[in-house]
Amino acid sequence: MVRFSRSLSRPERSYCVSQLELLDVIRGIHHFRTYLKIRQFLLHTDHSSPYWVLNSRVLAGQLAQWPETLQDYNFESRQRVTLGGVDSSGEMLLIFGLNG
């Protein structure tokens, strides 16, 4: 298991929760880009906002730019449903080696 963390920049500290959740997804994928660009992977997240943004067709501003940065990657995103709707880990999972 590999972990990644980083501090928020001063402007990022003012982001709403939905933007922070999507920023986590984007920064995590960017950090592991060397491994992720060469294979298909499955993104599991327990937050609904990244799932909604990545699968939405109508976005504006910064939210519209972030999914475009992920177009070079071959991945599928799924919202991880947990008992009671809450996952105590709050972590994003990347699963490699999807077939077809």
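Leaving aside its neighbours within four places in sequence, which residues is E12 in contact with? The list is R6, S7, L20, L23 and R27, where contact means heavy atoms within 4.5 Å.

A quick word on the model: it is predicted, so local features need pLDDT of at least 70 and side-chain atom pairs count only at pLDDT 80 or more, while totals for chains, interfaces and linings use all residues. Residues are numbered from 1 along each chain as its sequence is written, and side-chain values use heavy atoms, with hydrogens and water left out.

Back to E12, which sits in the segment before α1 (17-31). Helices (H or I, at least four residues) and strands (E, at least two) are DSSP runs numbered from the N terminus. The side chains of E12 and R6 are joined by a polar contact of 3.2 Å; that term means a pair of N or O atoms within 3.5 Å, and within protein one must be able to donate a hydrogen and the other to accept it, with residues adjacent in sequence counting only if both atoms are side-chain atoms.

Now for V25, found in helix α1. V25 and L70 lie 45 residues apart in sequence, and their C-alpha atoms are 9.9 Å apart in space.

| Residue | Relative accessibility | Class |
|---|---|---|
| E12 | 5% | buried |
| V25 | 1% | buried |

Definitions and conventions. Buried means under 20% relative accessible area, exposed over 50%, partly exposed in between (1.4 Å probe, protein chains only).
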